[in-house]
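Here are my notes for anyone opening this one for the first time. Have a look at the model, then read on.

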Amino acid sequence: MDYCNLPLSYLIRCYAIPDYDDLGDQSYECQSCGAMMWYAERLDKHRNTSRPEFSLCCQKDKVQLPYMKNAPPTLSNLLFGTDRQSKHFQDNIRSYNMMFAFTSLGGKVQTSINTGAGPYTFLLQGQNYHLLGSMLPEEGARPKFAQLYIFDTENEVRNRIDAVR
Ligand SMILES: [Zn+2]
């Protein structure tokens, strides 16, 4: 098997566990798109070079993504502002993001691999999927995720806030 043609993430997942190889920093810049890459991600892995070429990022300039647009002023103020409201938003940004989650990740999570030293590894075995529960909460249960949007629209804001407390 030619291991050099396998994606690096696959090699790390299959062959570097539980051992941990430090590849150092992403210290090489793709000459086409400017993405920071690891030397081990270069195209020609059989040749040592000071100017490696990469394709994982932009397929050697075949893929060009447009620059992101600036956030609307209200959101930009929340993201980068220093006032009390912006600080609260920045401190709770994960909670605000989760309020709009309609599904959650499902799959067979392999927990036995995090036994040694090295960074935490999240490994799903088999097929992963999204969990989308009932559109209505069970009797007596509080609505969550997508249920918040259809359960009782008049209380939607209150439900969203309660869901993250
Ligand atoms: Zn590139």
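The points below go from the overall picture to the details.

1. Before anything else, some ground rules. This is a predicted model, in which local features need pLDDT of at least 70 and side-chain atom pairs count only at pLDDT 80 or more, while totals for chains, interfaces and linings use all residues. Residues are numbered from 1 along each chain as its sequence is written, and side-chain values use heavy atoms, with hydrogens and water left out.

2. The overall make-up: the protein has six helices and four strands. Helices (H or I, at least four residues) and strands (E, at least two) are DSSP runs, numbered from the N terminus. Read from the N terminus on, the order is α-β-β-α-α-α-β-β-α-α.

3. How much of the protein is buried? Of its 165 residues, 16% are buried. Buried means under 20% relative accessible area, exposed means over 50%, and partly exposed is in between (1.4 Å probe, protein chains only). The protein exposes about 13,400 Å², with carbon and sulfur atoms supplying 52% of that; accessible areas come from the Shrake-Rupley method with a 1.4 Å probe, and for residues only the protein chains shown count as cover. As for contacts (heavy atoms within 4.5 Å), take those between residues at least 6 apart in sequence: 31% of them join residues at least 24 apart.

4. Now the zinc ion. Its protein donors are Cys30 (SG), Cys33 (SG), Cys57 (SG) and Cys58 (SG), lying 2.3 Å from it. Donors are N, O and S atoms within 2.8 Å of the metal (3.2 Å for Na, K and Ca), and water is not among the atoms, so sites may look incomplete. Along the sequence, the donor residues follow the spacing C-x2-C-x23-C-C.

5. What geometry does the site of the zinc ion have? The site is tetrahedral, with angles of 102 to 119° among the four donor atoms. Four donors get that label if all angles lie between 85 and 135 degrees. For reference, the ideal angle for four tetrahedral donors is 109.5 degrees.

6. Is Cys30 buried or exposed? Cys30 counts as buried because its relative accessibility is 3%. Cys33 is at 42% relative accessibility, so it counts as partly exposed.

7. Met37 and Gln26 are eleven residues apart in sequence, and their C-alpha atoms are 4.7 Å apart in space.

8. Two residues to check for backbone angles are Gln59 and Asp61. Phi of Gln59 is near 55°, and phi of Asp61 is near 75°; each is a positive value in a residue other than glycine. Most residues other than glycine have a negative phi. Gln59 is in the loop between strand 2 (36-37) and helix 2 (73-80), and Asp61 is found in the loop between strand 2 and helix 2 as well. Gln59 counts as partly exposed at 42% relative accessibility, and so does Asp61 at 35%.

9. Next, a helix pair. Helix 2 and helix 3 (residues 84-91) pack at an angle of about 75°, with their axes 7 Å apart. That makes helix 2 roughly perpendicular to helix 3, a label used for angles of 65 to 115 degrees. The axes are lines fitted to C-alpha atoms, for helices over the stretch in contact, and angles run from 0 to 180 degrees between N-to-C directions. From helix 2, the contact is made by Leu75, Asn77, Leu78, Leu79 and Phe80, and from helix 3 by Gln85, Ser86, Phe89 and Gln90.

10. Last stop, Leu131. This residue lies in strand 4 (residues 123-131) and counts as partly exposed at 41% relative accessibility. Leaving out residues up to four places away in sequence, Leu131 touches Phe102, Thr103, Ser104, Leu105 and Gly106. Leu131 and Gly106 are 25 residues apart in sequence and 5.8 Å apart in space, C-alpha to C-alpha.

Terms used
Tetrahedral: all angles 85-135°; square planar, octahedral: opposite > 155°, others 65-115°. Parallel < 35°, antiparallel > 145°, perpendicular 65-115°, else oblique.
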